[in-house]
Structure formats: C-alpha cells, structure tokens
Amino acid sequence: MALMTGEQYIESIRKMNMEIYMFGEKIDHPADHPVLRPSLNSVRMTYDLAQDPQYEDLMTAQSPYTGKKVNRFTHIHQSTEDLKNKVKMQRLCGQKTAACFQRCVGMDAFNAEFSTTYEIDKKYGTNYHENFKKFMMYCQDHDLTVDGAMTDPKGDRSKAPHAQEDPDLYLRVVEQRPDGIVVRGAKAHQTGMCNSHEVIVMPTISMGPDDKDYAVSFAVPVDTKGIFMIIGRQSCDTRKLEDTTMDVGNPEFGGVEALVIFDDVFVPNDRIFMNGETEFAGMLVERFAGYHRQSYGGCKVGVGDVLIGAAAVAADYNGAAKASHVKDKLIEMMHLNETLYCCGIACSAEGHQTESGNYIIDLLLANVCKQNITRFPYEIVRLAEDIAGGLMVTAPSEKDFRDEKLGKYIDKYLKGNAEVTTENRLKIMRLIENLALGTAAVGYRTESMHGAGSPQAQRIMIARQGNLGYKKRLAKEIAHIEE
Ligand code: SF4
Ligand code: FE
C-alpha cells in the first residue's frame, strides 16, 4: 500500500472503534470533537509533509525490510545519517504544528524493540524479533501511526512493581494462555494514543526476578477490547469549545494526553515482544528513553522556532523591535534553541550500530540533550513573555472584540504599531499565551520537563555514562600524581 494522504489518515482513524472518555462522557466521534481534533491534525501533518516533494528526503526513507518507500516515522534507522534526518524531520514538524505531533513515540519504540528483541532471542532462543519485524513491516506497509506506551502509574515509588499494595499499578500479565497472554494495568500521560492505530506497550523501569509478570512488551490495535482512554485536562482546553478561533492561539493544532486503561486485554502470541525476561526490561527502557531524549532535540526546537518568531512579531507589533534589549533577548532565545538542536544532532552523529543492525544514538549525549530540554524552553518562554508584555494574559476575549459596542474600544485602545491591526496584535499575543500557559504549554513546558523521563532520570544516566574515573585519571596524569 502507498503512503497515506492526510485525509486518508483522518478517515482511517475515524473508522476505528476507540473507547474514549472526557468530561464524564463517552466521545462518540473523537476525530471530529473540537477538543480532540487539533491533536489529530498535528499527526496528520506527518502524513501531509510526507506527500510534499520538497520534504521527501526528510519525511520518507527506503525500508530494507519491505523494499518500499515508507514514512520515516515507521523507519528502522540504518545509519547515523538516518538518525540526523530523524531530528531534522522532527524540527520541521514542530515548526509546522507548534505542538506535539505524537508519532515519534512509535518510531522510538520501533527502534528500541528492534535491537532489544534481537538480544533477548539471542540469549533465550525466543521468537520476539521475528514477531516484532512482522508487526513493523505491517505498520510500514499500511503507513500506520503507532503509540509507544511506557509510563505506568507506579504507585509507591519506593516499591518495586511486585511489592506494590495494588498489584496493577504496573501493567502485568494476569494470565498465560496457549494462544497468548492477558494483561491488566494502565499507562499514564499517553500523548497520541487516541490518534494512533496501534500501541506498543513497554515496561517502565528495570526489573528484578520477582517482577517477571511485569516484564512484558507487546503491540495491539488501540481499539482492542478492554482498552479505554480517559482524556487529561489541559489549561484553557474549553476555549476550543467556544466557537471562536483567536482565543485558542493555535486554532488548528494541539496535543492531548490520556490515562489509558488495559482492563484484561488479550494479546496473541505473535504480537508479544517480551514476556518474563526481566533482565531485558532495563535495556528496552534505556534505549527507548535514549531515542526519545534525542527526539526532543528536534521537536521542541521546531516549536521553539515558532515561539521565537512569535516573540519577534510581538516586538514588531508593539513598536519595540528596535530596542537593543529586545534584540538581545531574541538572540539569547535563538542561542538557547540552537544549542538544543546541537545536542539532537550530536547524539545522532555519534550514534552506532547495534548487534541487530539498526542504529542507536550516543546515550550520554542524548541524555545531555534532554537535560538541557528540561531547562532552556523555560528560559525561552520567560523571554517571550518579557517581550510580549502583559497583554498576552489580560486581553479581552474574541467575543468582546467582535461585539458591536465593545469592539471599537478594544480596537482603539489595544492598538500598538499604527501599521498593524489590533486583531493581528491580539492573535500573536494569544499564540504566545498558548505556548507559555495554554494547551501547548503541556507540550512545550511540562513535557519538556517530564516527557521522556524527568530530569533526575537523565542525571542518573549521565552519572553512569560520564566516565568520571577516566576524567580523574586524566587529572592525575596532568598533575604528575603517582599513587
Ligand atoms: Fe514527538 Fe516531541 Fe511529541 Fe515526543 S514530545 S511525541 S518527540 S513531538
Ligand atoms: Fe513526548
């Protein structure tokens, strides 16, 4: 099958029978719901851009497994060039949506599963790698969007999965059957699940021998019986229900998260990629997290480009563009944003081949990348708010702006640069508000902090990979210390 167009993708999601809840109600037509549709549009962009000849090299790749052209979001990286192109593609998608476009988790899960299943099979003679390859080629052939579900609710953080008072706080196998397994549990903070065709479930932490039931990985269609989603609230989300566009800031694109329940879900044997091999749980987590920490060096940079552009437009509209401190703040924002991009490219360029044949990033540099992501977007947002001014949070609503009596006063008194309409000034303020404090702040701020692992998770990896012993030896040698 050829690559799907954006419209075919939307239709394919519309045909699915997902169980989605929001505001206490079951959503019958999620693809057309005003709160959910912008997030579907963000994923659609990964299909639309792949159809555009000018982005073909970035958005598509040749699959060595199917021999056909595939969307890069379903590709298994064959070189460091592929790794770099991945980051560039994500920056592009961030620029075009100013939101989380969600499809990366599946790509990152693909590449982590590819190498980990290979290594499990080598040790245990299992058939997981073939299972995974079959699934991967099916997704490539049908150009599917795949969610990667890792984060368990985790309950009491001081206790291992098996030691929790409630045994379901980490997703687990509750029944082994001749034809497959039955799993129960939940995955939290799932961006993109409601816009995906399939979901790859992975464990969320390293595990010990007592956690056998929890060391499980598999893929199922997201509308499999027993799976349902409860959509998370976002700041300003109900503005999307108001029948106006200006107040939303980014009327077309967005992202939503869901708490996903797996209520005794059956997984057939050929969709299982790990089942009890506890010592490989940590490897899968580390590799997936590494790839996704690289990803942020692309997507957040693209969104940052939009935010920097919005701040510069706000400065123009406010009549402040020539002030030297404003120019300097924009330079600082660009410096920070490009530093993040450097990290994404560096961990890609320094990648290497795994035993299975695909390519993986340099883990130390990928963790440094994500650690910077937990900080710099906050500073970039701070500077954007500084440049924009208080109007980004005090401006009257679009309904007041359109009001017969009030509109002319808003238009008169909220005008900045006389050559610019008040409407355009308000639009750019709302976009900055959206990225700083509104629905997109989930993706640009809190997701920068906690997505792909919270800051401490990267510090643990930096401690492990940083080779402090070698650095100590260097110092002693330079100082002519003999012990
Ligand atoms: Fe992709 Fe970034 Fe969203 Fe992760 S946070 S799915 S890398 S856009
Ligand atoms: Fe994310």
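Tyr296 and Glu447 are both buried, meaning under 20% relative accessible area, with exposed over 50% and partly exposed in between (1.4 Å probe, protein chains only). I start there, and I'll come back to the pair.

Ground rules first. This is a predicted model, where local features need pLDDT of at least 70, side-chain atom pairs count only at pLDDT 80 or more, and totals for chains, interfaces and linings use all residues. Residues are numbered from 1 along each chain as its sequence is written, chains are lettered from A and ligands numbered from 1 in the order in which they are written, and side-chain values use heavy atoms, with hydrogens and water left out.

Now the metal. Which residues coordinate the iron ion, ligand 2? Tyr296 through OH and Glu447 through OE, at 2.4 to 2.6 Å. Donors here are N, O and S atoms within 2.8 Å of the metal (3.2 Å for Na, K and Ca); water is not among the atoms, so sites may look incomplete. Tyr296 sits in helix α7, residues 281-318, and Glu447 in helix α15, residues 439-450, so the pair ties together parts that are 151 residues apart in sequence. Helices (H or I, at least four residues) and strands (E, at least two) are DSSP runs, numbered from the N terminus.

Next, ligand 1. Tyr296 and Glu447 are around this one too, along with Cys100, Phe101, Gln102, Cys104, His292, Ser295, Cys299 and Lys300. The cut-off is a heavy atom within 4 Å. Helix α7 gives the most to this shell, five residues.

On to the sheet. Six strands, open, mixed pairing, in the order β2-β1-β10-β11-β7-β6. Pairing takes at least two DSSP bridges between two strands. The edges are β2 (25-26) and β6 (172-177), each pairing on one side only. Look at β11, residues 257-268. Strand β10, residues 227-231, runs antiparallel to β11 and is joined to it by five bridges. Strand β7, residues 180-191, is also antiparallel to β11, with nine bridges. What stands opposite Ala186 in β11? Ile261. Ile261 is also the bridge partner of Phe228. Ile231, in turn, has Ala258 as its bridge partner in β11.

Last, the whole chain. The secondary structure comes to 17 helices and 14 strands. The C-alpha trace spans about 75 × 70 × 50 Å along its principal axes. Of the 483 residues, 56% are buried. Among contacts with a separation of 6 or more, 77% come from residues 24 or more positions apart; contact means heavy atoms within 4.5 Å.
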